[in-house]
Amino acid sequence: GILPHYHLQTPALLCLTNLCTSPFFHEGAEYLHMLQSCGMGVLQGICAGYDDHRENAIKDVFSRIASWHKADRKDRCFELLPVGRGHIQMLSALVLSLVQSCIKTP
């Protein structure tokens, strides 16, 4: 899980998912990159450690994207780390990251 000695219940997971996805759907503030990076780690932890909550996390991402204007969808980017390495389209970054966090290597 996210915290090694605690198992979070559904209400807490829903709240965390909401908090962690929010920074991806705002723009303009300099601090957002830091919040997005932190949020991405928590979302990956949720998807990796809570199988039954993966669908909720992905649904939250897609429901937020549905609220964007069509013109805004293609312009939203996430900066790759290390900073200055490039950008990836926001939806691609979120979905790829969440899917990759679910993979368990042998």
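How close do the axes of helix H1 and H3 come, and at what angle do they cross? The axes of helix H1 (residues 10-21) and H3 come within 10 Å and cross at roughly 40 degrees. Axes here are lines fitted to C-alpha atoms, for helices over the stretch in contact, with angles from 0 to 180 degrees between N-to-C directions. This is a predicted model, in which local features need pLDDT of at least 70, side-chain atom pairs count only at pLDDT 80 or more, and totals for chains, interfaces and linings use all residues. Residues are numbered from 1 along each chain as its sequence is written, and side-chain values use heavy atoms, leaving out hydrogens and water.

**The chain overall**
- You will find 5 helices and 2 strands, where helices (H or I, at least four residues) and strands (E, at least two) are DSSP runs numbered from the N terminus.
- Along the sequence, the pattern reads α-α-α-α-β-β-α.
- Of the 106 residues in the chain, 32% are buried (under 20% relative accessible area, with exposed over 50% and partly exposed in between; 1.4 Å probe, protein chains only).

**H1 against H3**
- H1 and H3 are therefore oblique to each other; angles under 35 degrees count as roughly parallel, over 145 as roughly antiparallel, 65 to 115 as roughly perpendicular and the rest as oblique.
- Leu14, Thr17, Asn18 and Thr21 of H1 make the contact with Asn56, Ala57, Asp60, Val61 and Arg64 of H3 (contact means heavy atoms within 4.5 Å).
- The residues of this contact divide into 3 nonpolar, 4 polar and 2 charged, counting Ala, Val, Leu, Ile, Met, Phe, Trp, Tyr, Cys and Pro as nonpolar, Asp, Glu, Lys and Arg as charged, and the others, Gly among them, as polar.

**H3 against H5**
- Helix H3 (residues 54-66) packs with helix H5 (residues 90-102) at about 175 degrees, their axes 11 Å apart.
- That angle makes H3 roughly antiparallel to H5.
- On the H3 side are Arg54, Ile58, Val61, Phe62 and Ile65, which meet Leu91, Leu94, Val95, Leu98 and Cys102 in H5.
- By class, this contact of H3 with H5 has 9 nonpolar, no polar and 1 charged residues.

**The nonpolar core**
- The largest nonpolar core has 12 residues, among them Phe24, Met40, Cys47, Val61 and Leu98; such a core is a set of buried Ala, Val, Leu, Ile, Met, Phe, Trp, Tyr and Cys residues joined through side-chain atoms within 4.5 Å.
- Helix H2 (32-49), H3 and H5 each supply at least two residues of this core.
- Cys47 is in contact with Arg54, Ala57, Leu98, Ser101 and Cys102, leaving aside its neighbours within four places in sequence.
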